[in-house]
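Please read the following note with the model open. It covers the points I would check by eye.

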Amino acid sequence: MPWFGMDIGGTLVKLVYFEPTDISKDESITESETIRKISHYLKSNSAYGKTGKRDVHLQMDKCCINGRYGTLHFLRFPTSEMPVFLTLAKSKGIANMSSTVCATGGGAYKFEEDFRREVALKLHKFDEMDSLIHGIHFIEAYNVQECYYIQDPLDEEKYKKMPFDFSHPYPFLVVNIGSGVSILSVSSPDQYKRVTGTSIGGGTFLGLCSLLTGCETFEEAIALAKKGDSTKVDKLVKDIYGGDYPKFGLSGDTVACSFGNMMSKEKREKASREDLARATLITVTNNIGSIARMCATNEKVERVVFVGNFLRVNQVSMRLLAYAMDFWSGGALKALFLQHEGYFGAVGCLLELMKTGS
């Protein structure tokens, strides 16, 4: 049978599909044909309806999970489109392949009754943080290029992704940026603790951007932010001191007050949608970076791994986080990123499901 793992977040659903490539003669012809049809539909498309997407570049081949070999496919769609997904699952025969689908995230509880009522599927729920950590370890072990850092993060022309050897990672911090943010301290493959979190995350960015600019999607908000100038919105150190504040190593270009310039009617009228989006992105990112740095110091760790769909198509935040971790720690902290960004929870619960043989 095919296996599906779902991480149903507050904003986005991440779906991982394990396509078995070692189907034996003992498996029924009917089952093999159904798998073939599902695989053909998923692989022949990179978009499903108006909002569903398959991240083709993240596909992982020749994976072995609980003795089965196959390919991992990665798909996503807005959580608000769950009714559309359930209709699609029913029409394509996905719901007929199994009586159980594994899921993690808050939506595993919120949509449990919908799955039962609409497609007669029981959701096998797994802990969100357990799934996240197990998914990170599995994918990193299979994909040697999974972990990277950003070199020269503030240089528009020189910055680039550099591979990072994550074979001896412990201890490290995981900063999972979804709608909100959870921060975990990981000391071994099976030992971790939640250190703290913040409600100001990716959902905050999109919500505020929607209010301020009228944008509708995360991609649209990021596109606006890329073109904006946040200094027209934020009050900088030099706006207060007239230059740098050397006593505490603060550059004049450091943000002293997010959205501080918006107290002025004249400056409000000059700020564009792009400027507002950029300032919103930097405000949220700076908050996450500050909390992450304090947690790393308290936990005495040197590696901070940032994951989550907030970082998808979001080079601005990644570069800012990379710079902030290095600068404010005096080079003691390394900001690390992972190629599969927000899919680790879905992979982790899929691993658990396949271990049970369900």
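1. Basis. This is a predicted model, in which local features need pLDDT of at least 70 and side-chain atom pairs count only at pLDDT 80 or more, while totals for chains, interfaces and linings use all residues. Residues are numbered from 1 along each chain as its sequence is written, and side-chain values use heavy atoms, with hydrogens and water left out.

2. Domains. The protein chain is split into domain 1 (3–131 + 343–356), domain 2 (147–229 + 272–338) and domain 3 (234–270); the bounds come from an automatic or database domain assignment. Between the C-alpha centres of domain 2 and domain 3 the distance is 22 Å. Their contact (heavy atoms within 4.5 Å) involves 10 residues from domain 2 and 8 residues from domain 3.

3. Interface area. The size of an interface is often given as the accessible area lost when the parts come together. Here domain 2 and domain 3 bury about 590 Å² between them, with 65% of it on carbon and sulfur atoms; buried area is the accessible area (1.4 Å probe) that two parts lose on being put together, summed over both. On the domain 2 side, Ala-279, Thr-283 and Trp-328 lose the most area to domain 3, together 51% of what that side buries.

4. Secondary structure at the interface. On the side of domain 2 that touches domain 3, α10 (273–299) and α11 (315–328) each supply at least two residues. The largest share of that side, 6 residues, comes from α10. Helices (H or I, at least four residues) and strands (E, at least two) are DSSP runs, numbered from the N terminus.

5. Thr-204. This residue is in helix α6. Beyond its neighbours within four places in sequence, Thr-204 is in contact with Ser-179, Ser-199 and Val-284. A polar atom of the Thr-204 side chain lies 3.1 Å from the backbone oxygen of Ser-199.

6. Backbone points to check. Most residues other than glycine have a negative phi, and most peptide bonds are trans. Tyr-170 and Pro-171 are joined by a cis peptide bond, with omega about -10°; Pro-171 is in the loop between β10 (160–163) and β11 (172–177). Asp-152 has a positive phi, near 50°, and lies in the loop between β9 (147–151) and β10.

Note on methods. Polar contact = N/O pair within 3.5 Å; in protein donor to acceptor, adjacent residues only side chain to side chain.
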